[in-house]
Amino acid sequence: MAQQGAAGPVPVYWSQVLVDVSYEYTTGILDDPVLRAAVRLSIEPGPHLTQESYRSPLGAVTSILTAARDAAELQDHVVPEEAARTLVGCYSGVQLLALALEERDQLCGQVAGMWRLQMPGLARPTVLDRLRLERPPQT
C-alpha cells in the first residue's frame with residue numbers, strides 16, 4: 001500500500017477509519033470520567049452547547065469523509081460536509097439517548113446500530129461488504 005509520508009500508511013478504507021474512530025471515542029466516553037463530563041456538557045442544553053463544541057468533531061468527520069470520497073469509497077450522492085453533520089448529530093443523539101435511558105453500558109451496541117443504518121447510505125456496496133461495523137475486538 002502507498003505510504004502517506006510522515007502521517008503513516010494510507011488506510012485500506014477511510015470508511016473503516018471513520019467507524020473505528022467512533023468506537024475509540026465511545027471507549028473514551030465509557031472509560032474516562034473527564035471526557036464523559038465534557039461530552040455531557042456539550043450535548044445538554046445550556047451554556048456549553050455551542051458551535052465550538054462541535055467544530056472539532058465536524059472537522060474530523062468531514063476530513064475522513066473527504067478522504068473516503070477521494071478514494072471512491074462513497075456513493076456519488078454523498079457530500080462530506082452534509083454527511084458529517086448528519087453523522088455527528090446521530091452520534092450525539094445516540095449518546096444522549098443512552099444517557100437518558102441509563103443504558104451507557106450499551107453504548108457500543110447502539111453505535112453499531114447507528115452504523116448499520118447509516119453506512120449503507122454512505123459507502124458503495126463493494127466497500128460496505130468489506131467494512132466491520134461492530135466494535136473491534138478488545139485487545
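Helices here are DSSP runs of H or I with at least four residues, numbered from the N terminus, and the largest share of the lining of the largest pocket, seven residues, comes from helix H3. The model is predicted, so local features need pLDDT of at least 70 and side-chain atom pairs count only at pLDDT 80 or more, whereas totals for chains, interfaces and linings use all residues. Residues are numbered from 1 along each chain as its sequence is written, and side-chain values use heavy atoms, with hydrogens and water left out.

**Pockets**

- A pocket is an open set of points, on a 1 Å grid over the protein atoms alone, where a 1.4 Å probe fits and protein lies on both sides within 12 Å along at least five of seven lines; lining residues have an atom within 4 Å of a point.
- The largest pocket has a volume of about 430 Å³, a volume being the space filled by probe spheres set on the points, which are joined across faces, edges and corners.
- Of the 22 residues that line the largest pocket, Tyr 25, Pro 57, Val 61, Val 88 and Tyr 91 are the closest to its centre.
- At least two lining residues of the largest pocket come from each of H1 (14-31), H2 (33-43), H3 (51-70), H4 (80-100) and H5 (107-122).
- The lining of the largest pocket has 16 nonpolar, six polar and no charged residues, where Ala, Val, Leu, Ile, Met, Phe, Trp, Tyr, Cys and Pro count as nonpolar, Asp, Glu, Lys and Arg as charged, and the others, Gly among them, as polar.
- The second largest pocket, with a volume of about 160 Å³, is lined by Tyr 54, Leu 58, Arg 85, Val 88, Gly 89 and Ser 92, and the largest share of this lining, four residues, comes from H4.

**Helix packing**

- The axes of H4 and H5 come within 10 Å and cross at roughly 155°, with axes taken as lines fitted to C-alpha atoms over the stretch in contact and angles running from 0 to 180 degrees between N-to-C directions.
- H4 and H5 are therefore roughly antiparallel to each other, since angles over 145 degrees count as roughly antiparallel, under 35 as roughly parallel, 65 to 115 as roughly perpendicular and the rest as oblique.
- The axes of H1 and H4 come within 13 Å and cross at roughly 30°, and these two helices are therefore roughly parallel to each other.
- Leu 18, Ser 22, Tyr 25, Thr 26 and Ile 29 of H1 meet Leu 87, Tyr 91 and Gln 95 of H4, contact meaning heavy atoms within 4.5 Å.
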